[in-house]
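Dear colleague,

I am handing over the structure we spoke about, and my notes on its charged pairs and its nonpolar cores follow below it.

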Amino acid sequence: MQHWARRLEQEIDGVMRIFGGVQQLREIYKDNRNLFEVQENEPQKLVEKVAGDIESLLDRKVQALKRLADAAENFQKAHRWQDNIKEEDILYYDAKADAELDDPESEDVERGSKASTLRLDFVEDSNFKNKVNYSYTAVQIPTDIYKGSTIILNELNWTEALENVFIENRRQDPTLLWQVFGSATGVTRYYPATPWRAPKKIDLYDVRRRPWYIQGASSPKDMVIIVDVSGSVSGLTLKLMKTSVCEMLDTLSDDDYVNVASFNEKAQPVSCFTHLVQANVRNKKVFKEAVQGMVAKGTTGYKAGFEYAFDQLQNSNITRANCNKMIMMFTDGGEDRVQDVFEKYNWPNRTVRVFTFSVGQHNYDVTPLQWMACANKGYYFEIPSIGAIRINTQEYLDVLGRPMVLAGKEAKQVQWTNVYEDALGLGLVVTGTLPVFNLTQDGPGEKKNQLILGVMGIDVALNDIKRLTPNYTLGANGYVFAIDLNGYVLLHPNLKPQVSQMGGLKRGCKPCKRGPPDSLPFLPQTTNFREPVTLDFLDAELEDENKEEIRRSMIDGNKGHKQIRTLVKSLDERYIDEVMRNYTWVPIRSTNYSLGLVLPPYSTFYLQANLSDQILQVKYFEFLLPSSFESEGHVFIAPREYCKDLNASDNNTEFLKNFIELMEKVTPDSKQCNNFLLHNLILDTGITQQLVERVWRDQDLNTYSLLAVFAATDGGITRVFPNKAAEDWTENPEPFNASFYRRSLDNHGYVFKPPHQDALLRPLELENDTVGILVSTAVELSLGGRTLRPAVVGVKLDLEAWAEKFKVLASNRTHQDQPQKCGPSSHCEMDCEVNNEDLLCVLIDDGGFLVLSNQNHQWDQQVGRFFSEVDANLMLALYNNSFYTRKESYDYQAACAPQPPGNLGSAPRGIFVPTIADFLNLAWWTSAAAWSLFQQLLYGIIYHSWFHADPAEAEGNPEVRESSCVMKQTQYYFGSVNASYNAIIDCGNCSRLFHAQRLTNTNLLFVVAEKPMCSQCEAGRLLQKETHCPADGPEQCELVQRPRYRRGPHICFDYNATEDTSDCGRGASFPPSLGVLVSLQLLLLLGLPPRPQPQVHAHASRHL
């Protein structure tokens, strides 16, 4: 076998030496040494410069934010409240007006009033990816808020003055994107004006539930939600409670901590979480699913519920927010005030706020609930129906904002958010936020107003930040990244969330097929714009102790540098490579972000072309023309931003055509072009053409059964020879995004890449009867003691021909014309050619994928598959004998097909249907069930889709068929065994002998094994295919026991001695009266949808 292995090694090396042209390309670079300079990447200087540039960019936004916040406070202070204001008195652009005009069921269309709405003209703006109007602001009002209410009209009146400030900000900084004021009343005024991106279903967007608003409106929270599940809770009330808890969870961000418990005589957590956990997306999903399992039984025991909650908040042995502490209790009512519990745990300091929610229609005395809230600096709310849930589960933020307002200037600090998707189509953004306070007073000498008016926000697109980072000087495997205090990435090449056009996300996922990212179109985009994009640095990369240490240092705001040996996943997610990387990091001052730079040692230096000779420029440029392809090979150029006026295209032929047309109008030294990119591209065009001239053109590829030879460069050129081979070229034209290119740089020797084949798909469909195996290797230059790898060269093997050649090389004959049959009477040794019925001979790559086989039925049907799908028993033996090591990780950015709705899926949104037990229950009839059912029917007419789809689906595009989910990935890579190895697979009644040996200077393992003689050898099968995780990744209950290091915001406003807590809720201001009931019934009978009444509370008079 060792003899066969040497013959294979020699054949591969010989072909690569003759056709690869590694040595010749080195000489070409040296011959053209006067055409380029070798530049150095100095990590510390680079990362400090980029951090400084990002700081300057964000600082300009901060100044604009401060101007807006100051102006808003002054405008509101000078505003005179108008009790008799009417809709026709206010002229503004309603961003949803056009959509409502198109909707025949719209409330505004039916009442025929559009007098208050401006009609605007818009122009396309590529910066906003939208049509905009720079002369006006736009207003968005949530669907469940009545536009004609006095509060809303006054809000529109005073915020109109912000228009001029928005415009002046843009004049001072033309790079500003969306400037937004989110009001505590729910009104959003943003600039420049653009029509609202209305979904097909009901629009449930409310600015007060946006990640940036929540973060800016209050300090971090430690929240315990307790839910009364005693027997008195009726079916409808319990459904309302479940929905209310889910809506409450949506008001929390990653800076908050939460737990949810149910109680009757005893209290217990609804989920597996036994203590406060971070309110991230995955933990909140666990809560939401667990809440649906709550069942009502037993008697009400407020004491048990509150004692559980206080114990949770007093637990100092866990990570938590350590700022605002609160208990949110949902109940249908009770008589016990549990004063002894409050005296024991919360008085006299009252460090924990208590918010109480009376849920459902009932006749219980609510005075004890009001007292609990008022005695503990909280607020009392009523949720009589589903229409009151959203407003009442978010207005507690006004109470939490009181200490912030009273702190004044000290609390006026800009905060920067996590990454999230912009609702208006900008894509991924971060937002700078600044709270806006009510500066009015009730009268001379009166106490200062405690209400927050809203939050001012300015968006910064991630793409604008990326433009400040080095693009192509870091090489294919170098990159810049940034993280926040939670360890979430702001910038990272692996941050690729599935972003939707409308932001829809459907709960519940099933596996969907995903192909190699470097060869298939971009995946369906499905991120929910209601949720932040939270990808931890340790999930963006393969986690190890060194990276944990780097992450902690960055979160702490330190500088640092560390060279580490680590694992990296290939771009097509099939392979793992062990590599060296240099990490350098610094904090970005005046922000919560930290910036890092990752460089492989071979990317310390890079080439910078210096083509000052215009005649040479023209000569090399001619080799980009399609007319030269027949003689010089086909050229693919990387789709980079070479010039501002260059039209992008996903079709490389079209992109090349656009590039050539532009180059006929401008020179590579034009100011509108990136001279570095253009000069390097043209230089590499000439360099690779010389390789054709010196090596490829005079060789007969058929002699060695080659389909093509190729070269790819850092400059963005991929040259494939001969020209006809380009028809079957499927690799990414951007070398930096091609898996073979990046892996070749990270590995020494020859890297084999078999064609990708999925076990569920049909065998390879041959075009022109040819399928190829890519073999590539990096070209390493040493110039004046400086080492770099500016190119990769390789060949494409004819699979069918090399399958035959493989059998010859692994046989006892010296060449193809010497057949030798080893029969029972002969004394020759068995080999892989003649004895292919008895011996299995294969080449497997370092990922465990089949490359070549001596089995005739395998070369076209199974090459490229994971070897466990071909021979599970043998692959398991290779793994057990340390030829392979397994690495498991989770992809938190995958897209999955939605799960069909189950029986419980839509329960929180369904209309309540009383059961037989309800009909027989006297308490049910004596409650206000009739009114509840009537109200449900009424809302069903107005918001029928709300009851049949969850909020995210309602906000999103119903045509989106995939949603975000977690996929478990398993990759294999070479283990510790390097030498030849013999072993026996013991299968009980029968056994198999196998030999395995690594081929020198390749990523191949040569295996010769006896064919299985009995079925008992079919043992367990190793899995490599990506699989869906039903529980959204690794077990959340286990993960929260070892939380990752994080730091919360450095400021906390949860207490102020001057806070007035007397405004603590006294029920709804507009209880349903007999007149209202009669009117609504008449409207229902007439089939006319009534105008929804606003949910207004005593504390809503924010104009005072």
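Glu 541 is buried, at a relative accessible area of 9%, where buried means under 20%, exposed over 50% and partly exposed in between, for a 1.4 Å probe and protein chains only. Its side chain meets that of Lys 547 in a salt bridge of 3.3 Å, N to O, a salt bridge being a side-chain nitrogen of Lys or Arg within 4 Å of a carboxyl oxygen of Asp or Glu. Lys 547 is also buried, with a relative accessible area of 1%.

Please bear in mind that this is a predicted model, in which local features need pLDDT of at least 70 and side-chain atom pairs count only at pLDDT 80 or more, while totals for chains, interfaces and linings use all residues. Residues are numbered from 1 along each chain as its sequence is written, and side-chain values use heavy atoms, with hydrogens and water left out.

The structure holds 40 salt bridges. One of them joins Asp 31 and Arg 694 at 2.9 Å, N to O; because Asp 31 lies in helix H2 (residues 22-31) and Arg 694 in helix H23 (residues 675-696), this pair ties together parts that are 663 residues apart in sequence. Helices here are DSSP runs (H or I) of at least four residues, numbered from the N terminus.

As for the nonpolar side chains, the largest core has 92 residues, of which Leu 878, Phe 994 and Phe 1006 touch the most other members. Such a core is a set of buried Ala, Val, Leu, Ile, Met, Phe, Trp, Tyr and Cys residues joined through side-chain atoms within 4.5 Å.

With best wishes

Conventions
Helix = DSSP H or I, 4+ residues; strand = E, 2+ residues; numbered from the N terminus.
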